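Let's take a friendly walk through a structure together. Please keep the sequence and the 3D view open as you read.

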Amino acid sequence: MTTIEHVRPPRLQAVGAQVRQISFWAENAAPIGLVALVIVFSALSPTFLTLGNIKAMLVAAAILVILAIGQSFVITTGGIDLSISATMTFGAIGFGLAFQAGLGFWVSAVVAIVAGLLIGLINGLLIAKGKVTDFIATLGTLSVATGLALIVSNGKPITINSTELLTLTSGSLGIFGYPIILAAVIAVLAWFFMFRTRFGLHVQAVGGNEESAVANGISATRIRMAVYLISGGLAGVAALLLVARVGAAEPAINTQFLLNSIAAVVLGGVSLTGGKAKIVGPVIGALLLTALTNGLTLLGVSQFYQPLAVGLVVVLAALLTRFQKK
Amino acid sequence: MTTPDQYNERPSVAPHTGTTATRDFILQATGITKSFGGVHALKGASMTMRRGEITALIGDNGAGKSTMVRCLSGIHRPDSGEILLDGKPVTFENPNAAIQQGIETVQQNLALVEDLTVWQNFFLGREKTHGFGPFRTLDRKLMKQTAADLLKNLAVNVPPVTSKVRRLSGGQRQAVAIARAAGWGSQIVIMDEPTAALGVQETARVEGVIETLRESGVAVLLISHNFDQVMRLSDHVWVMRAGMAVAERRSAETSGDELVALITGAKAA
Ligand SMILES: Nc1ncnc2c1ncn2[C@@H]1O[C@H](COP(=O)(O)OP(=O)(O)O)[C@@H](O)[C@H]1O
Ligand SMILES: [Mg+2]
């Protein structure tokens, strides 16, 4: 970095000029925030930057990264998926029941993803075809998915003893555990589809100006169906990691994952009004939120303060996005 | 609607002037109605377009020109009425259906997505790709190059194809929308007030594009408030008033004064 700037002073000046603009901070809130958090926490806690803790943080971040990517597709179209974490719970219970029935890991994994897709399909039909407001539709399916998970599991956690799940949680390449590798693969694919294919361009077009997109022959209905299916399917994938982490399929209400998935996307600089796609930003946003929780825990700050801290960071980020370049 | 009107009274056939044979019409719209709630934007309007001609559609604000355009381009579905393309009845379920049938349109609102770049807007809905299956990628290089080439002919102050449309001037936006509609080798190009936001030089270029389209056999429907332009470019003129097409003239056989009188209703069709 420094050498490049040294050789090319005009570039350095340009960077300097950028830094003085508030829009620079607004565009890059997530990476700047992440770096700041790392500096602060590593100064306050010697454990924070140890390999063991970094590895643990990355594993912990995987679920949120995957949910944030799903949420990002939906938010790019100007929608929102409030059912995302309930869908994950529903997928986890689907996995648990299938596994309990002796279907084995792989079939159960497919069941989890299909369960997620099912909720995504309902969201898509309600919003794209039924023209129900996204907020109301997904609030409804949030409740439906939570209720179904409770009903089919009888409200009891299903303990899972699967060697494959154990490998999924504990396996790693270097400091990168399998969960974060899975999340990274999904992120790369998501980036590819969003920025290099017709589909991704149409997602951005529908979010940016639906009327214009439709006038150019794009089917907004199909695009909206697709993003809710993506969100549901990814919630199903996240369900696997959740079951692997907990060691059981619990019909618990994971509200924190819902709030954090939206928070990660906002931190990542995606406007809730749609039209501006980002994948790397939300991923960094998810890492930031995980680092924040991890750092506070290491410092012995009471659990009670963690939602407060997350809330403050998100509100700050939301304020900053007002200064993003149009 | 006080003046009885020779064209709109014919129920089943689209109107035509003089001796023109039906097969010479590329498009015939008959008895088109369209209401928005209590607003009757089209009350049974009929009009035609001939092959290889520039047809002008004129009328006061609110006469229903844009609504007619939006019916012909698949954005609205008429409440009733018939559209014949090449003599065959067509219904456009959506804009894509009209595009598939070779009808390109510059909508009055331009139909651009501000957060996308010029080249992305240019190819919106018909992107070029390479590769196979789900990993078919956008051919960005080809699209940028093509968009730049087609824009060069049109815009006086050519915007970079990688800049967002949000950053473009009104004239540049209009150039993007027009170059886009003209670039696909379609059989009909509809332009709803294409030179409204343009300066003298840019207007001249757009008129050049319209004439080039006609030379290459494309039928153009031009909506314009500029009588000089209409008289200069068009072969045929349709006049709309209060949701009806009330008169038609060969451009060579009319005058700006007569058109004004037809628009206001001072002169009966
Ligand atoms: N989407 C719409 N909703 C309600 N009213 C509309 C809509 N589109 C057009 N109108 C009304 O229909 C009439 C004709 O409008 P328009 O076709 O835009 O006229 P023109 O293009 O000739 O100025 C106007 O009264 C206008 O307000
Ligand atoms: Mg109009």
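The sections below cover pockets, cavities, a surface patch and salt bridges.

## The largest pocket

This is a predicted model. Its largest pocket has a volume of about 750 Å³. Of the 35 residues lining this pocket, Phe195(A), Gln204(A), Ala277(A), Lys278(A) and Lys164(B) are the closest to its centre.

Which elements supply at least two residues each to the lining of the largest pocket? From chain A come helix H3 (22-27), helix H10 (178-196), helix H11 (198-208) and helix H15 (280-298), and from chain B helix H3 (118-122) and helix H4 (140-152). H10(A) provides the largest share, with 4 residues. Sorted by class, the lining has 11 nonpolar, 13 polar and 11 charged residues.

## The second largest pocket

The second largest pocket holds about 610 Å³ of space. Its lining has 24 residues, and those closest to the centre are Gly217(A), Ile218(A), Ser219(A), Ala220(A) and Thr221(A). Two or more lining residues come from each of helix H7 (104-129), H11, helix H12 (210-215) and helix H13 (220-246) of chain A, and from helix H2 (95-100) of chain B.

H13(A) gives the most to this lining, with 6 residues. By class, the lining of the second largest pocket divides into 11 nonpolar, 7 polar and 6 charged residues.

## Enclosed space

Chain B contributes H2, strand S6 (103-106) and helix H5 (170-182), each with two or more residues in the lining of the largest cavity. The largest share, 4 residues, belongs to S6(B). The lining residues of the largest cavity are 9 nonpolar, 4 polar and 3 charged.

## A nonpolar surface patch

On the surface, a nonpolar patch is formed by Leu97(A), Val144(A), Leu148(A), Ile151(A) and Val152(A), which together have about 400 Å² of accessible area. Helix H8 (residues 134-153) of chain A is the main contributor, with 4 residues. Val152(A) is found in helix H8 of chain A. With a relative accessible area of 43%, Val152(A) is partly exposed.

## Salt bridges

Over all chains, the structure holds 15 salt bridges. One of them pairs Arg70(B) with Glu211(A), the closest N and O atoms being 3.2 Å apart. This pair crosses between chains, running from helix H1 of chain B to helix H12 of chain A. Is Arg70(B) buried or exposed? Arg70(B) is buried, because its relative accessible area is 17% and buried means under 20%. Glu211(A) is partly exposed, at 46% relative accessibility.

Within chain B, Arg232(B) and Glu207(B) meet in a salt bridge at 2.6 Å, N to O. Arg232(B) lies in helix H7 (residues 227-233) and Glu207(B) in helix H6 (residues 200-215), so the pair ties together parts that are 25 residues apart in sequence. Arg232(B) is partly exposed at 48% relative accessible area, whereas Glu207(B) is buried at 9%. Glu258(B) also forms a salt bridge with Arg249(B), with the closest N and O atoms 3.0 Å apart, and both residues are buried. Finally, Glu114(B), Asp115(B), Arg166(B) and Arg173(B) are joined into one network by salt bridges that share partners.

Key: Residues numbered from 1 in each chain as written. Chains lettered and ligands numbered in written order. Predicted model: local features only at pLDDT ≥ 70, side-chain atom pairs only at ≥ 80, totals over all residues. Heavy atoms only, no water. Patch = residues over 30% accessible without salt bridge, like charges linked within 9 Å, V, L, I, M, F, W, Y side chains within 5 Å. Areas by Shrake-Rupley, 256 points an atom, 1.4 Å probe, with all protein chains shown as cover. Salt bridge = Lys/Arg side-chain N within 4 Å of Asp/Glu carboxyl O. Buried < 20%, exposed > 50% of the residue type's maximum accessible area, 1.4 Å probe, protein only. 1 Å grid on protein atoms, 1.4 Å probe; cavity = no way out; pocket = protein on both sides within 12 Å on 5 of 7 lines; lining within 4 Å. Points joined across faces, edges and corners; volume = space filled by probe spheres on them. Nonpolar A, V, L, I, M, F, W, Y, C, P; charged D, E, K, R; others polar.
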